[in-house]
Amino acid sequence: MSRRREHLLAALLGVLAAAVTVALGDLIAQFVDAGSSPLFAVGAWVIDIVPGWVKETAIALFGTGDKVALLVGLGLLVAILAVAAGILEYRRSPWGVVVLVGVGVVAAGAAVTRAGASVNWILPTAIGVAAGAIVLRMTTDRLRRWTRAIADQTPKADGIYAATSRRGFITAVAGSAAAAVLVGIAGRAMSAATSAANVVREAIALPKPTTPAPPIPAGAELGLRGLSAVVTSNDTFYRIDTALQVPRIDPAQWKLRIVGLVDREIEIGYDELLALPMTETVATLMCVSNEIGGNLIGNAVWLGYPIRELLKKAGPKAGADMVLSTSQDGWTASTPLDVLLDEKRDAIFAVAMNGEPLPLAHGFPVRMVVPGLYGYVSATKWVTELRVTRFADDVAYWTVRGWSDRGPIKTSSRIDVPRTGKTVEAGTVAVAGFAWAQHTGIAGVDVRIDGGEWVPARLADAINADTWVQWVYEWNATAGNHVIEARATDAAGGEQSGTPVSVIPNGAEGYHTISVSVA
Ligand SMILES: Nc1nc2c(c(=O)[nH]1)N[C@H]1C(S)=C(S)[C@@H](COP(=O)(O)O)O[C@H]1N2
Ligand SMILES: [Mo]
């Protein structure tokens with residue numbers, strides 16, 4: 001085979017490996033976050049770092065096609081690098097793989113440094129590069145065997161060896177190419193499904209609340225540096241669920257059914273639900289897996305329809321004591337029936353979160369929000385069915401896995417500032433955090449320094465009894481190392497327990513304790 005032909009084939013193998021890398025990275029990104037796709041992450045990063053004049057020239061040249069131009073440009077760059085990697089791997093293995101990994105490191109770096117990224121954003125690039133490297137190694141190896149077989153032909157083997165090597169090479173290339181195409185199609189199809197769901201979501205006109213929540217008191221937010229905001233934004237709100245792939249539900253297809261021990265079954269669609277009188281409520285959602293001091297807790301303004309109204313219409317039968325809610329993806333939660341029927345509790349089918357239709361990851365189009373219960377026994381996202389039943393007859397997803405069948409939230413507190421391990425200056429130091437006892441309310445927070453006397457902190461204004469409350473304690477800090485603890489007391493007189501208890505089976509207990517050095 002001619003040198004030229006060898007190099008041409010090696011270059012194509014580089015392009016094939018790059019295609020595998022990009023396609024698989026894009027598919028994995030659909031499970032992590034669309035923004036973590038290697039090509040898009042690098043593109044977004046380039047947009048951020050190029051000087052203003054380059055951007056303006058690009059816009060002047062390509063107009064609104066500037067982003068397409070950028071992606072085409074990046075594609076060309078990737079192609080050049082891929083050709084180089086293919087030839088290098090063929091001639092000087094493992095240098096081609098080194099080039100591939102090097103480009104991967106840059107792309108992964110671009111991905112993790114995106115706004116809102118987490119370490120998981122490395123995964124699409126890492127997995128893509130790993131697969132690309134395997135393809136590059138394997139196919140260049142097959143090419144080498146084939147060309148060697150042609151060169152080595154002895155009279156006896158007479159072409160047979162060369163023919164088998166050729167077949168091996170073609171099989172490897174065709175297999176990898178087919179895989180790249182299939183993976184690429186799957187990734188794009190999934191991405192299209194998400195954008196379709198997002199387009200539908202963005203077009204929704206939310207109804208005005210018939211029962212609006214009272215305005216949030218200005219004094220609810222202390223506005224201290226390092227203290228989380230009293231209302232959590234949608235993009236910083238914690239997310240916990242078993243969904244590997246966020247369900248994408250078309251509201252036009254969505255139906256909620258109420259079945260089981262009821263006088264009459266009920267079925268309602270999304271538009272019918274939106275047409276009902278909506279209640280607005282502020283409530284703090286929390287995960288039972290939240291460790292002491294953890295951040296699996298968030299507070300939002302919800303808009304929705306009271307669950308009790310639909311339950312009353314269905315007419316629960318005597319003997320029923322539980323509602324098993326099921327999500328589109330088959331997850332279940334067991335919620336006490338009396339809690340859902342409570343006239344004084346805003347348990348709702350929520351359609352909006354902080355003034356927006358529910359984000360896909362937070363349960364679009366409809367989820368449950370039940371003040372006072374941990375999420376695993378109440379906050380069903382993508383909810384599609386409520387079965388009125390009995391605790392004796394049905395069990396929920398997490399109950400089977402060792403968690404309690406009931407999960408009222410425990411009175412607790414957290415210290416946000418100073419951060420544990422920090423050094424602060426002597427003098428007045430604001431020690432501040434949150435306390436919560438959803439649906440009971442917070443009566444006070446006490447702080448204790450170095451195991452001394454408990455002293456009261458100042459509470460910010462409460463939004464309502466269903467929300468967490470900020471608190472602050474002006475500490476006169478003296479030089480040395482200190483241990484600070486916080487303890488909440490709820491409006492029913494219940495005091496946060498200081499004896500450490502693990503999160504399983506029904507929520508952590510203990511004081512959040514931090515250590516700081518004062519200089
Ligand atoms: N469909 C579905 N809903 C779910 C879950 C789930 O795994 N699947 N997890 C629950 C748990 S354990 C919690 S703590 C809350 C978290 O809600 P968030 O992700 O909106 O913060 O959702 C609840 N709803
Ligand atoms: Mo949870």
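Modeller: What follows is a set of questions and answers on this predicted model.

Modeller: Residues are numbered from 1 along each chain as its sequence is written, chains are lettered from A and ligands numbered from 1 in the order in which they are written. In this predicted model local features need pLDDT of at least 70, side-chain atom pairs count only at pLDDT 80 or more, and totals for chains, interfaces and linings use all residues, while side-chain values use heavy atoms, with hydrogens and water left out.

Biologist: Which domains does the domain assignment give?

Modeller: The bounds come from an automatic or database domain assignment. That assignment gives domain 1 (3–194), domain 2 (218–401) and domain 3 (412–518).

Biologist: How many residues of domain 2 are in contact with domain 3?

Modeller: The C-alpha centres of domain 2 and domain 3 lie 28 Å apart. Contact means heavy atoms within 4.5 Å. On that basis, 33 residues of domain 3 are touched, and the number from domain 2 is 37.

Biologist: What volume does the largest pocket have?

Modeller: A pocket is an open set of points on a 1 Å grid over the protein atoms alone where a 1.4 Å probe fits, with protein on both sides within 12 Å along at least five of seven lines; lining residues have an atom within 4 Å of a point. Points are joined across faces, edges and corners, and the volume is the space filled by probe spheres set on them. For the largest pocket this comes to about 1,200 Å³.

Biologist: Which helix supplies the largest share of the lining of the largest pocket?

Modeller: The lining has 38 residues, with Val 32, Asp 33, Arg 239, Val 246 and Ala 361 nearest the centre. Helices are DSSP runs (H or I, at least four residues) numbered from the N terminus. At least two lining residues come from each of α1 (3–32), α2 (38–49) and α7 (160–202). The largest share, 4 residues, comes from α1.
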